[in-house]
Amino acid sequence: AGARAAGLGGAFIGVADDATAAFCDRWIGRRSRTHDQMVQAARSGKQNIAEGSMASGTSKKFELRLVGVARASLEELLLDYEDFLRHRRLPQWAPDSPEASEVRSVPRRFREDRTDPSDRSDLTNLSDAERWALYAPWLEHNDPAVRANTVICLINQANYLLDRQIQALERQFVEGGGYSEQLAAARLAERGRKRRRDPANRPD
């Protein structure tokens with residue numbers, strides 16, 4: 001469940017990253033601090049998820065830290081989009097609005113459209129261009145409010161999945177960790193065995 005959450009969360013973040021670059025280039029001044037802040041936050045979310053996946057088999061502690069950084073970056077990006085809407089008196093979709101529900105249903109509709117019932121493909125199996133195409137009606141809209149609200153939906157979906165991944169990683173770390181943590185535990189156990197075998201450490 002944690003791995004699937006990570007993959008799907010990464011897919012949402014990838015679309016949000018591309019969408020943020022396009023959004024900022026069109027509606028946020030390039031010299032604005034906000035432009036750099038939003039682009040960097042989106043990029044940080046994407047890159048830290050990718051690096052966390054690479055570290056998965058080596059260190060659960062390191063993976064957990066990277067996923068946490070990604071989650072914090074996305075929260076920052078979310079606030080920037082909400083500020084954009086509020087400062088311009090543009091509407092923000094309610095979570096249960098028809099517009100938000102339609103965007104959130106894209107992955108489900110994609111799965112339902114598979115002609116082969118045994119096909120378990122989801123957004124993680126698609127290229128960046130194919131994922132973008134699924135959201136193009138909103139992300140290429142001329143209304144900045146539609147674009148901003150769509151990215152907000154994507155961020156919220158990604159954050160939900162990242163929260164699940166973080167919970168799974170915390171459990172895995174406590175139960176045994178990754179290779180690095182297991183190696184450290186083995187070293188400590190071996191040191192303990194050597195101390196017990198050392199005559200100097202035996203009680204008189």
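**Entry 1: around Asp83**

I started with aspartate 83, which is partly exposed at a relative accessible area of 25%. My cut-offs here: buried is under 20% relative accessible area, exposed is over 50%, and partly exposed is in between (1.4 Å probe, protein chains only). This is a predicted model, so I took local features only at pLDDT of at least 70 and side-chain atom pairs only at pLDDT 80 or more, while totals for chains, interfaces and linings use all residues. Residues are numbered from 1 along each chain as its sequence is written, and side-chain values use heavy atoms, with hydrogens and water left out.

Next I looked up the partner of aspartate 83. Its side chain meets that of arginine 86 in a salt bridge (2.7 Å, N to O). I count a salt bridge when a side-chain nitrogen of Lys or Arg is within 4 Å of a carboxyl oxygen of Asp or Glu. Arginine 86 is partly exposed at 46% relative accessibility. Helices are DSSP runs (H or I, at least four residues), and strands are E runs of at least two, numbered from the N terminus.

**Entry 2: α3 itself**

I checked the span of α3. The helix has 28 residues and reaches 40 Å from its first C-alpha to its last, close to the 40 Å expected at 1.5 Å a residue. The expected span is 1.5 Å times one less than the number of residues. Just after α3, I noted that arginine 89 takes a positive phi of about 55°.

**Entry 3: the other salt bridges**

How many salt bridges does the structure hold? I get seven. One of them joins the side chains of aspartate 17 and lysine 46 (3.8 Å, N to O). Aspartate 17 is in helix α1 and lysine 46 in helix α2, so this pair ties together parts that are 29 residues apart in sequence. Aspartate 17 is buried, at 13% relative accessible area, whereas lysine 46 is partly exposed at 31%.

Then I went to α6. Arginine 131 bridges to aspartate 128, with the closest N and O atoms 2.8 Å apart. Both lie in helix α6, three residues apart, about one turn. Arginine 131 is buried at 10%, and aspartate 128 is partly exposed at 40%. I also found Arg71, Glu75 and Asp163 joined into one network by salt bridges that share partners.

**Entry 4: rings**

I paired rings of Phe, Tyr and Trp (its six-membered ring) if their centres lie within 6.5 Å; planes under 30 degrees apart are stacked, over 60 edge-to-face, and the rest tilted. That gives four aromatic pairs. Phenylalanine 23 and phenylalanine 84 have ring centres 4.9 Å apart and planes at 75°, so I logged them as edge-to-face. This pair links helix α1 to helix α3, 61 residues apart. Phenylalanine 23 is buried at 1%, and phenylalanine 84 is buried at 3%. Ring pairs link Phe23, Trp27, Tyr81 and Phe84 into a cluster.

**Entry 5: the core**

Last, I looked up the nonpolar core, meaning buried Ala, Val, Leu, Ile, Met, Phe, Trp, Tyr and Cys residues joined through side-chain atoms within 4.5 Å. The largest one has 48 residues, and those with the most contacts inside it are Phe12, Phe23, Leu77, Tyr81 and Tyr135. Which helix supplies the largest share of this core? It is α7, with 13 residues.

I then listed the contacts (heavy atoms within 4.5 Å) of phenylalanine 12. Leaving out residues up to four places away in sequence, phenylalanine 12 touches Pro107, Leu123, Tyr135, Leu154, Gln157, Ala158 and Leu161.
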